[in-house]
Amino acid sequence: MGSGQKTWGTPHHVLIFPFPFQGHITPMLKLAEVLSLSGIRVTFLNTHHNHRRLLSSPGVGARLASRPGLRLRSIPDGLPEDNPRGLTEATEIIAAFDATAPPLYRDLLSSGGADHDGAPPVTCVVADGLLRFAVDVAEEMGVPIFAFRTCSSSSFWAFHCIPKLIETGVMPFQDGCDLDEPVACVLGTESFLRRRDLPSFCRTKDSDDPNIRFLMDLTENSTRYRGVVFNSAEFAESIVLSHIRGKVRSTYPIGPLHGLLQAVEHSTGAVGDGGGDGIPSSDSTSLWQEDRACMEWLDARPTASVVYVSFGSVVPLGKEQLLELWHGLVNSGYHFLWVVRPDMIVDGGVPAVVAAGREERGFLAEWAPQQEVLGHPAVGCFLTHSGWNSTLEGMWAGVPMVCWPFVSDQLITSRFVSEVWRIGVDIKDTCDRAVVEKAVREVMAGERSAQMRAAAASISKTARESVEVGGSAFKNLERLIRDIIKSI
Ligand code: UDP
Ligand code: UDP
């Protein structure tokens, strides 16, 4: 691939099927676009709800329509349209989707498209590892299937180690257990991982926790796939990937996928085709409307002077957390651009002090064009929840981070940021304005600031090299495409 050759007259037709959350749709849609530009026919299967939201951003429909051999399809998610679809509803969403999607997905596999629009049959599936039924149905229909995991590979590996964590008494967590105790059984005795850095599900006190069973099932399922695709990179997670290799049939670390897509666009000459109809094409995969006014606000700020604050698409924030964060930011003395999603504050709206004070130092956006924001020269620090996509985007942009992780793989990722890549500060398990202020100052202008900035610039350079022709992500993509083609 990479030479721009077309192969979509051939029988290869890949169905890409993400879990219906922003952090899953983003990297899997990028993969759909990458494969389509590489000559593979692709169907991207979204939920009706997210399909509508995705296409409501100007220029997105035009961009996706311009991808050769890419078609979008959607199915219901089993929930009423006005049902909330945040992190707190995750179990409800999984149950509704598990009940609704399998027959529709089976139809797509058997007919090549429920709408019989002439597409050749699906010859291979790349499904989100969270969709347990996807592998059952693919096996039943005899269709080869690859898993896509949107979490970091360190988190995937920690889930794999759950039986060992239980055997060695690290889990379940006992009352008063030492959260700072090193955990040796995940990454060896030299481990920089502490109990508090394990993915949040490991913090259970219940040995029969259904979430833990679910995660263990997913990990056990991994051997049923032809291989596992990670939006991860050799340069970032080689220590973990070396543990995973051999435990699944093949691993394909092809991240950061947003960077890989840019590289493939360049190598296939697919850059800047515009959106037609006077609408500029957009590289957005956002389900929310992006507030582009924040880009003008950034244009007016000096280089590396702004703290960009975002907690991703699903994390909820309590009023106390919000206020501690707000005061910490204001007290740091820096300007900030802060994403406050309309559904983000759990116990009431934006407090009066925040709403009134925003003009002074901050810009509040409901949703920002994050990759563009991180690439803006005015941004000097990324205060993040350490979501995996956000972390990769911060690395790609070379922006040092303050990590305030909340749940899931965020807790292990923030440890990698501070201890492995050394491009930021980890303030997990705190909710204190003084801690926020100190961390922001440390990253912006503290003693270690220059070191973190240099490490971030270096990792950004390595990330960019890895997606170019001959780089590790690019080679892994070529191997994935070869294996998809061979899998028929
Ligand atoms: N092509 C290719 N491999 C394929 C199918 C097509 O290289 O598997 C080339 C084909 O040689 C032609 C171009 O892509 O130059 C357009 O192919 P096709 O007619 O399939 O595209 P369409 O115009 O029907 O979309
Ligand atoms: N994002 C965005 N604008 C925002 C906030 C987030 O485009 O204002 C995007 C961000 O770029 C990332 C995704 O939403 O691609 C969030 O994914 P991540 O894995 O970081 O966190 P999650 O939402 O899964 O917790």
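## Before you start

Residues are counted from 1 along each chain as its sequence is written, while chains are lettered from A and ligands numbered from 1 in the order in which they are written. Because the model is predicted, local features need pLDDT of at least 70 and side-chain atom pairs count only at pLDDT 80 or more, whereas totals for chains, interfaces and linings use all residues.

## The whole protein

The protein has 20 helices and 13 strands; these are DSSP runs numbered from the N terminus, with helices (H or I) of at least four residues and strands (E) of at least two. Its radius of gyration, taken over C-alpha atoms, is 22 Å, close to the 23 Å of the globule rule for 488 residues, so the protein is as compact as a globular protein of that length. That rule is 2.2 Å times the number of residues to the power 0.38.

Of the 488 residues, 49% count as buried. Buried means that 20 or more other C-beta atoms, placed from the backbone, lie within 10 Å of the residue's own; exposed means 12 or fewer, and partly exposed lies in between.

Two strands pair if DSSP finds at least two bridges between them. β9 pairs in the parallel sense with β8 (residues 306-310) over 4 bridges, and valine 306 stands opposite histidine 335. Another 4 bridges join β9 to β10 (residues 362-365), also in parallel, where valine 339 stands opposite alanine 365.

## Around ligand 2

Ligand 2 is surrounded by 19 residues, the closest being Gly23, Gly312, Gln370, Gly387 and Ser390; a residue belongs here if its C-beta atom, placed from the backbone, lies within 6 Å. The elements giving two or more residues are α1 (22-37), α15 (370-375) and α16 (388-397). Of these, α16 gives the most, with 4 residues.

## Methionine 216

Methionine 216 sits in helix α9 (residues 210-221). This residue is partly exposed, with 15 other C-beta atoms within 10 Å. Methionine 216 and histidine 160 are 56 residues apart in sequence, yet 6.9 Å apart in space, C-alpha to C-alpha.
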